[in-house]
Amino acid sequence: MIAGRFTSRLHDERVAAWLGIALGVSFGTAFVTGLISHFMQHPPGWLHWPSRPVNLYRVTQGLHVIGGLATIPLLLAKLWTVYPRLFQWPPFRSAGQAIERGAVFVLVGGAVFQLATGLFNIAYWYPFPFFFTVAHYWTAYLVVGALVVHVANQASKVRHTVMTRPEDAVPRRAFLLTVAAASGAVALATVGETLSPLARLALLAPRRPGTGPQRLPVNKTAYAAGITAVPPEWRLRVTGAVGRELSLSLADLRALPVRTVRLPIACVEGWSASGDWEGVRLRDVLRLAGVADGARVRVESLERYGAYRTSWVEPRHWHDGLTLLALGLNGEPLALDHGAPCRLIAPDRPGVMQTKWVGGLVVA
């Protein structure tokens, strides 16, 4: 009865099928790239990410966030197309249909939750009481599971629908092209946050390359971290499983061979930007302390609180000559907001793990 109130020819299976295929690809891509992001930040003991290619995380996380934003018009169009069937009465006529509609309920609710909370996260707005990363990660499994069930139920119907050419396809084609254009516009207005040549078009991006202290964006300022100045007595301490403990001043660090590397900061919110970092190689400092080749290193910040005030550096990363304890950026001494007096910068590593305001290295 409710379905009869919707007379538009766009509320049909053909439009729903094509949008469903696009959403399946989009959510599948988001799931894979999301897992990469999660396991880079919280790797299990058996998983060791490579340090090369340098831009791997930059590409996967950019694809995750920008692709996720471009999915919003697709999801809205899909919901509008199938809206009459979502509220059909009676809601189900058999146990099998009840299971199918239950999966649809989880799929729709989970998809809306993922896109809405993801949008809030990249806008740095958290109106919810739960921890975004944990909720986003576990809900992804619910969405993918419900998606698999839904695809299994609808596969034959979708295959028949997309291979059957309708007599009057013009309105449907125009509608689908409009949805595709909307998704493309969202992507174009965001992709500049990670692709520098398009930075001027990044109208929807919270961060843009070239904007910020020393021409590089900042997520967490020194003020937000509770750091107002570089402590005059600052020294870098290297302790733990070392041949000899070190306590190095800035002058001691600058006396070591200084390198300049070009590496990106790539953040979980999807933005990234490259800079010319000047500093000493982490491996040079660790070898000075007599550290074993297979050791893991915990980098500790002067920041007292925060989920990411420390980070672990695995052997393949600290052995890489591109991994620095940076003292300068883009030809200038490191700004306090970028982690002065000393910060970690390493290839293929999430921004939250590029520890700022480094005060100690603990070797395990």
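**Notes on the predicted model**

1. Ring pairs tie Phe113, Phe120, Trp125, Tyr126, Phe128 and Phe130 together into a cluster. The pairing rule takes rings of Phe, Tyr and Trp (its six-membered ring) whose centres lie within 6.5 Å; planes under 30 degrees apart are called stacked, those over 60 edge-to-face, and the rest tilted. By that rule there are eleven aromatic pairs. One of them is Tyr137 with Trp138, an edge-to-face pair at 4.9 Å centre to centre with 70 degrees between the planes.

2. Some housekeeping. This is a predicted model, so local features need pLDDT of at least 70 and side-chain atom pairs count only at pLDDT 80 or more, while totals for chains, interfaces and linings use all residues. Residues are numbered from 1 along each chain as its sequence is written, and side-chain values use heavy atoms, with hydrogens and water left out.

3. Tyr137 is buried at 14% relative accessibility, whereas Trp138 is exposed at 54%. Here buried means under 20% relative accessible area, exposed means over 50%, and partly exposed is in between (1.4 Å probe, protein chains only).

4. Tyr141 is partly exposed at 33% and sits in helix H4 (residues 132–163). Helices (H or I, at least four residues) and strands (E, at least two) are DSSP runs numbered from the N terminus.

5. On charges, I'd flag seven salt bridges in the structure, each being a side-chain nitrogen of Lys or Arg within 4 Å of a carboxyl oxygen of Asp or Glu. Asp252 and Arg235 make one of these, with their closest N and O atoms 3.5 Å apart. Asp252 is in helix H7 (residues 250–254) and Arg235 in the loop between helix H6 (222–225) and strand E1 (236–240), so this pair ties together parts 17 residues apart in sequence. Asp252 is partly exposed at 32%, and Arg235 is partly exposed at 31%.

6. Another bridge joins the side chains of Arg262 and Asp276, at 3.0 Å from N to O. Arg262 belongs to strand E3 (residues 258–266) and Asp276 to strand E4 (residues 272–281), so the link spans parts 14 residues apart in sequence. Arg262 is exposed at 52%, while Asp276 is partly exposed at 30%.

7. Glu300 and Arg298 form a salt bridge too, with the closest N and O atoms 2.8 Å apart. Glu300 comes out partly exposed at 23%, and Arg298 is partly exposed at 24%. Arg296 does something else: its charged end sits over the ring of Trp312, 4.2 Å from the centre. The test for that is NZ of Lys or CZ of Arg within 6 Å of the ring centre and within 35 degrees of the ring normal.

8. Backbone points worth a look. The bond joining Arg52 and Pro53 is a cis peptide, with omega about 0 degrees, and Pro53 is in the loop between helix H1 (13–41) and helix H2 (56–86). From Ala340 to Pro341 the peptide bond is cis as well, with omega near 10 degrees; Pro341 lies in the loop between strand E8 (332–333) and strand E9 (343–345).

9. Gln214, not a glycine, has a positive phi near 55 degrees. Gln214 is in the loop between helix H5 (170–188) and H6, and is buried at 9%. Trp357 likewise has a positive phi, near 55 degrees. Trp357 lies in the loop between E9 and strand E10 (358–363) and is buried at 1%.

10. Why no disulfides? A search of the whole structure finds zero, with the cut-off being a pair of cysteine sulfur atoms within 2.5 Å. The sulfur of Cys267 is 18 Å from its closest cysteine sulfur, in Cys342, which is too far for a bond. Cys267 is buried at 6%, and Cys342 is buried at 0%.
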